[in-house]
Amino acid sequence: MARKDFLDIVSLDREEIIHLLDQAKPFKDLFTRSVKKVPALNGKTVLMLFYEPSTRTLSSFEVAAKRLSADVTIFDVPHSSVTKGESVRDTIDTLQAMRADYIVVRHRLSGQPAAIARQTGASVINAGDGAHAHPTQALLDAFTLREVHPELPGKKVLIMGDILHSRVARSTSTILDKLGVEVAYCGPGSLVPHTRFKRFTNFDEAMRWGPDAVYLLRVQKERQEAPFYPSDREYHSVFGVTQERLKRISEEGIYVMHPGPINRGVELCDDVLDYERCLIPQQVENGIAARMSVLYGLKPQTS
Amino acid sequence: MNLFLKGGDVATEDNAPTRADVWIVDGTIKAVSVMDAPEGARVIDCAGAVIMPGMFDAHVHFREPGQEQKETILDGSEAAINGGITGVVMMPNTAPSIDSAAVVNRVMEIGRKCRIPILTSGCITVGREGKEMAPIAGMKDAGVLMLTDDGDAVPDAALLKRAMEYGKEFDMFFASHCEDPQLAGLRALNEGPVSYRLGIQGTPALAEEICMDRDIRIAHATGAHLHIQHVSSKIGMETIRWWKEKGAHVTAEVAPHHLMFRAEDIGDYDTHYKMNPPLRTAEDNVALLEGLKEGVFDLIATDHAPHTEFEKSQAFVDAPNGLVGLDHALISLYDRFVANGDFGWELLVKRYSAEPRRMMRLDVAEVAEGKPADLIVFDPNKATTVSKEFMKSKSSNTPFLDKTVKGSVEMVVLGDEILLER
């Protein structure tokens, strides 16, 4: 089954997903040991190619690759010839000569990692492309949810917020769906497209659906060319986790997740971060294990 | 020249092919009937083949001047001949735009070196910028009949109205690429399940339909003739049908790819399926075919849009819109529709040869006694592989690349010259 690339969740089958999740577990166990490293990718080169600003995903991949003993190079896009107008295709040709085994790509355009994957024998890992996919985020989300709900089939997850512009919503809903979780979307009517998933435009109504976890999305201001809702203030009161809604969430024992970075006072109030069933810190930690599992499972065609 | 096409079936715009031999002497069709080969004539065995007039494509992008790496007028004209097409109308979105008599004259001068007639349209506004009216009378004198800002709509409805009021007095007609720019957004693909799956902002069909309705209303009010380009949606087709019933002077075209493909074909970001207007749904395919058979669409046109391999290899959003069509439009229409019985040869002749020439006020090509030779020999029993070697276009951006389709254009005769003989 060994794949060359890891580009999206859609093309994975359930068995592959379960395998990647199971494989992440021993990597996570490693983190509490004094030596947090295994020699799996010793002598391999991992190149980080981030065309979009990112701190947590970039660091998470970097730590993951280093814990697998790979050599990691971060291609400094903001200071590279890219700013002189070099096309992605030509950049990749140049990087090919450095013989990287793995290229981790983030790009503002949907489909750019797929285009790169066709051009190179290196394993390409999609670290987020436009509004298309963020498959390692989906994997860490499923891993995190599985830690608190080992029996995933039949569980309900409400994904809340800017669904239209969110690659996280697409990938995470796809992975949860493949694992038997019931997914519903909720948000402003202008930001929730009609898909095969249940659709709510009223938070309180969505809460009555009885979710086991609420997955909050950040409002993607940078992807919205025009306003989709009147103001952050109105968004918070209608679609945000206010103190009042948090109380209800807490009473019903619902977990809260968020891919970060958060917008305080928009999709959530400060108190959410102190809520005992808020899984945000676990998500960050599990991200490293999930990415180790992905890197470990791929087979570059570079030899 | 003394040529005898023996044993084929002759197709016209009104009738299904009927058995007839065609005798051509010095560029004129001397006889069309079942007869013995005249003495001294070169005999071509056409048994099983269909002889029909040369096709005419009223919507092509030849990229010259300015983007000769994609296509030149000469290469484009050879692609047309290769596909059985003996006349074309260029679109004016070149660099610089074809928006003045000077550029028109330059293009016509290059066009005269080609082996088929090359016509060009001219811009409605200077530089296709939608701000000032282009020098319409000057372009008319240089030979332009069709005015269009193809590639974009004229965003300012008042300017379009004034241009129509002005231009129709010079006996020009207008052609509209219909698109509300704000609703269209990124112009990468249709809005729907595929755009959501791929994470790219989609262009809804209503961006096209609203503008189409607007432009026809303006034309109807001013009395100008308006031609609607590359209609891609069911409601678009119905809009034109409605206006035709109202008696508006409107004609319309449909492109082969909008009849054949849909958004799902994009699969995993295949840029060969990226065009504008975008591929829409199966329901739209069906409605467009219905519109073609019913006569809502006066003509078929390819919107031949060459782009380099490099440009099309970029990420989906960055890759330019369009596909080439001239080399394979006719064979693919045969393969997809005529061979399946969806429509007959006479529809092809009417919609891809006669009507576009009528719109351009040209003599209609006919395989009939006394007419100038302008015909092709099409063998439905052969197949064509649309390889780069086969294509004469400088670019090969098409979903048909390396696919094999039924049918082959075996011969093209125009006037006293055999332009193609396979």
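Guide: Gladly! Two strands pair if DSSP finds at least two bridges between them, and strands themselves are DSSP runs (E, at least two residues), numbered from the N terminus, as are helices (H or I, at least four). This is a predicted model, where local features need pLDDT of at least 70, side-chain atom pairs count only at pLDDT 80 or more, and totals for chains, interfaces and linings use all residues. Residues are numbered from 1 along each chain as its sequence is written, while chains are lettered from A and ligands numbered from 1 in the order in which they are written.

Visitor: What makes strand 8 and strand 9 of chain B a pair?

Guide: Three bridges join strand 8 to strand 9 (residues 85-90) of chain B, and the definition asks for at least two, so they count as paired. The two strands run parallel, and B:Val60 stands opposite B:Met90 in strand 9.

Visitor: Why do strand 8 and strand 10 of chain B stand at the edges?

Guide: The open sheet has three strands in the order 8-9-10 of chain B, with parallel pairing. Strand 8 (55-60) and strand 10 (118-120) each have a single partner strand, so one side of each is left without a neighbour in the sheet.

Visitor: How do you know which domains chain B has?

Guide: The bounds come from an automatic or database domain assignment, which gives domain 1 (2-51 + 369-391 + 402-421) and domain 2 (54-359). Their centres, taken over C-alpha atoms, are separated by 29 Å.
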